[in-house]
Amino acid sequence: MDDPAMPAGLRDGDIATARHVVAASLLAWMLDACDFFIVLFTLDDVARSFHVSLESVLLAPTLTLLTRPVGAFVCGRAADRYGRKPVMITTIMVYSLIEVLSAFAPTLATFLCLRALFGIALGGEWGVGTSLIMESVPASWRGMASGILQAGYPAGYLLASLAFLLLPVMGWRGLFVLGGGALFSALYIWARVPESPQWLARQRSGATNTAAQAGLWPFIRGNFALCVFAVTLMAAFNFMSHGSQDLYPKVFLGLERRLPHPTITLIVVLYNIAAIIGGMAFGILSQRIGRQYSIALAAVLTLPLLALWTLPHSAVWLTVGAVCIQFCIQGAWGVVPAYLSELSPPSVRATFPGLAYQCGNLIAASNALLQTGIASFLGTGLAPALMFTVGGGALVVLVLTLLNARRHRAAMQGTSCPS
């Protein structure tokens, strides 16, 4: 729910500061995502280096996924109590250090432990960054800022794809050292980004310490329906996102459609550019038509694109379908930071959005197994499974956001809506 202390506008002298907040949050999330995708791109190389099977190394991204909700809770609670800026800087420093240490891991067991710790930092950064940016920019900027922040994820994916071209020169360990360069974004935040003015106002009033002492459980108990709604919504969002990305490039385009590697790379680059544009476009649109209706529009546009995205055998039409569907899916995602922040009470604004996101992500971890299971059961390849999971996720997002429109309108007006 909205908060009167959240800035409705800034003086001209503060506009530059707001821009630094937006840039810093984008940079942090982009580099965080880049580090995560570097692991996925180098799994084969890591397995050969440790002389183990690929299945053994696949445990690394799984452990990262499992510990992300822990990071969302720990870092979010710390940011609600001690401030957004110091926790965000600490989070970035931790995941940068872990990335470098991963490069020097002597054994697979050490590597896996480090990736589990990385998940804590990865899970914590998004929620803290979201609260910092949404509490620091003018209200009229929130839709655009939300889209820019969320564009950091496909931008990180794109950056990791480009960094992967250096693999023959640097090796997988060199790429991990390169990923540690995210530390510079922490220095940027320390030098140019101030603390959230809304958090500072609550600190002066004593509300921050009171809320921190109360803990998260009283909030969950008093807002159970909201929590179930948010986690379910984010699970559907993650089924849309992971359902359209995890198996699509290598398995669907590579193994089933038999496209050459350069063509697949080009498609991935193009649909990530479309995802970045879509996130910003729907984020800006949400400022005009409302968060829930912008999300619903992106979700409903996804549905008729499912066939174009999966059924063609032509590389040209597959590219068109992938570009269009990622524009819509990541367009819906572009509204999420603002949407969840505005639904969240001020006392848990660094905890609630990130924890809902990561718990939903944990539920959607079954995506790849679900898609391969459906494909095996039907015996028709991945196309129907891709359409079922992504289309199902889009339909759930559409229905839930429209059903919750009344609560969101009440939250924007600073009033509570019955659960």
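Which residues lie nearest the centre of the largest pocket? The legends below refer to a predicted model.

**View 1. Centre of the largest pocket.** L40, L43, L58, D246 and K250 are the residues that lie nearest the centre of this pocket. They belong to a lining of 39 residues. The pocket has a volume of about 1500 Å³.

**View 2. Lining of the largest pocket.** Helix α16, spanning residues 261-289, supplies the largest share of the lining, with 5 residues. Sorted by class, the lining residues of the largest pocket are 25 nonpolar, 9 polar and 5 charged.

**View 3. The largest nonpolar core.** This core contains 120 residues. F111, F237 and Y248 have the most contacts inside the core. Helix α1, covering residues 15-41, gives the largest share of the core, 16 residues.

**View 4. Surroundings of F111.** F111 is one of the residues with the most contacts inside the largest nonpolar core. With neighbours within four places in sequence set aside, the contacts of F111 are V46, F50, A60, S102, A105, W172 and F176.

**View 5. Q330 in helix α19.** Q330 is part of helix α19, which runs over residues 315-333. Q330 counts as buried because its relative accessibility is 3%, and the cut-off for buried is under 20%. The side chain of Q330 makes a polar contact of 3.3 Å with the side chain of S241. Apart from neighbours within four places in sequence, Q330 is in contact with S241, Q245, A275, G278 and G279.

How values were computed:
Residues numbered from 1 in each chain as written. Predicted model: local features only at pLDDT ≥ 70, side-chain atom pairs only at ≥ 80, totals over all residues. Heavy atoms only, no water. 1 Å grid on protein atoms, 1.4 Å probe; cavity = no way out; pocket = protein on both sides within 12 Å on 5 of 7 lines; lining within 4 Å. Points joined across faces, edges and corners; volume = space filled by probe spheres on them. Helix = DSSP H or I, 4+ residues; strand = E, 2+ residues; numbered from the N terminus. Nonpolar A, V, L, I, M, F, W, Y, C, P; charged D, E, K, R; others polar. Core = buried A, V, L, I, M, F, W, Y, C linked by side-chain atoms within 4.5 Å. Buried < 20%, exposed > 50% of the residue type's maximum accessible area, 1.4 Å probe, protein only. Contact = heavy atoms within 4.5 Å. Polar contact = N/O pair within 3.5 Å; in protein donor to acceptor, adjacent residues only side chain to side chain.
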